[in-house]
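Biologist: Please show me the structure, and then we can go through the contacts one by one.

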2 protein chains.
Amino acid sequence: MDTGKRLAHRPVDQAKQDAILSCARAEFFEHGYAAASIERIAANANVSKVTIYNHFQSKENLFSAMVGSECRVMRGQLPDMSKAETSLREELLHFAQSMMEFLSSPDIIRFDRRMAAEVERHPEMGELFLNAGPRRMKSMLTEMIADEMERGRLANADPQEAAAHLYGIIKGFADVEWRFSDPDTAAASVKPAALAAAVDRFLLSYQTSK
Amino acid sequence: MDTGKRLAHRPVDQAKQDAILSCARAEFFEHGYAAASIERIAANANVSKVTIYNHFQSKENLFSAMVGSECRVMRGQLPDMSKAETSLREELLHFAQSMMEFLSSPDIIRFDRRMAAEVERHPEMGELFLNAGPRRMKSMLTEMIADEMERGRLANADPQEAAAHLYGIIKGFADVEWRFSDPDTAAASVKPAALAAAVDRFLLSYQTSK
DNA sequence: GTTTAATTGAACGATAGCGTTCAGTAACAT
DNA sequence: ATGTTACTGAACGCTATCGTTCAATTAAAC
């Protein structure tokens, strides 16, 4: 059986691959799909345009490869939901903190913006993004809340709905502001006191009254 | 004093103006700023390209005129906050309902998407949009909540913060889903029962305990 | 009817990107 | 060293758009 090993060849330069994807990301994010220039990507990546077309067959293809790769990266950066043995309030605060840190990072904001725009022309990428990011986070959160309901630290209710409420009450108007102003200043607008207030309100309506 | 009335002239055809703006909106929304074609706009509006350049001096200019006009329209469609003399719960439900109707309308979703993408190149339009839409809604909501706090139907608290909590708890994950899937099916996903649940949770933590 | 301004259609130069071709070079496996 | 493959740079045809110009036409105000 052939292991696929060819007898004599020059191996693909992985560094170039990575450089192309990374520069593609920058280019697409800055200019949008239509205005992005393959030649600029090639120049920035120190690569010949032909090389790009050898690896990815078209602009379309390069774009979706880049989105796929970004989604993979994003999955690795989702808010930390490790279950330390702490009080419920601590646990929720920790989640709120890391969720807001995640959502307010410039990379995520820019990615979100670009995807929102491109989804008109590439609906399947909207799905891809939703599954890699928001929905994943939602199900993690739902699971955590369901756990707490079982443990009796949260009152019984629809955990999915509770997750949405928690997520929403923490975000408030923040994400809207972020999406339409300078991404580089977004993270600074996260105030711990506001997170605590949101979590406490959530607890007021969901905590078991003992 | 000259009233500005010129002696003999052919008046601007307002219908053409409107057609241009309306077609510009469609074109920019569908293709994004960079890929939008002035000539296509002209063709769709049954207008000469020269006419467009006579009215708006450049593509940039046309784009911001269009955004300005859209923002004006949007202001007229903001959620209804008329104060009928009803129960607090009814009042909040009414707000929730009309807010979600507003936010889930395909026009608003598409506008939101496009602005989010374009704000990278036109930061000042992000401000324009925020002031015309989200911030306006936030201050209306804040005012309503402050009123209710004064009336004693809501417990005393930071009304601004409470507004954010109400807004967030109602939205949940909905807006994220909307932004990345088919805008034309968004409105159908609004479930009255979910709105009621959200409002009730809000009330659980904000209503005065009598 | 005369004047004034809005509007048109067609053409133009300039720019820019895509996607392809080709001949040549570089890097690796054997 | 030899063969195979990755990669390069330059050029090409093609298409599209912008923004401008021009002479000609149209519509209202006077």
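Questions and answers on the chain contact, a helix pair and the DNA surface follow.

Modeller: This is a predicted model, in which local features need pLDDT of at least 70, side-chain atom pairs count only at pLDDT 80 or more, and totals for chains, interfaces and linings use all residues. Residues are numbered from 1 along each chain as its sequence is written, and chains are lettered from A and ligands numbered from 1 in the order in which they are written.

Biologist: Which element gives the most to the side of chain B that touches chain A?

Modeller: The contact takes 39 residues from chain B and 39 residues from chain A, with residues in contact if their C-beta atoms, placed from the backbone, lie within 7 Å. Elements are DSSP runs numbered from the N terminus: helices (H or I, at least four residues) and strands (E, at least two). On the chain B side, seven residues come from the element that gives the most, α9(B).

Biologist: How are α1(A) and α4(A) oriented to each other?

Modeller: Their axes, lines fitted to C-alpha atoms over the stretch in contact, with angles from 0 to 180 degrees between N-to-C directions, come within 10 Å and cross at roughly 105°. Angles of 65 to 115 degrees count as roughly perpendicular. α1(A) and α4(A) are therefore roughly perpendicular.

Biologist: Which residues are the closest to DNA strand D?

Modeller: A residue is near a strand if its C-beta atom, placed from the backbone, lies within 6 Å of it. α3 of chain A, together with α2 and α3 of chain B, are the elements giving two or more residues to this surface. Of the 27 residues that surround DNA strand D, the closest are H9(A), R10(A), D13(A), T51(A) and I38(B).

Definitions and conventions
Two residues are in contact if their C-beta atoms, placed from the backbone, lie within 7 Å. Angles under 35 degrees count as roughly parallel, over 145 as roughly antiparallel, 65 to 115 as roughly perpendicular and the rest as oblique.
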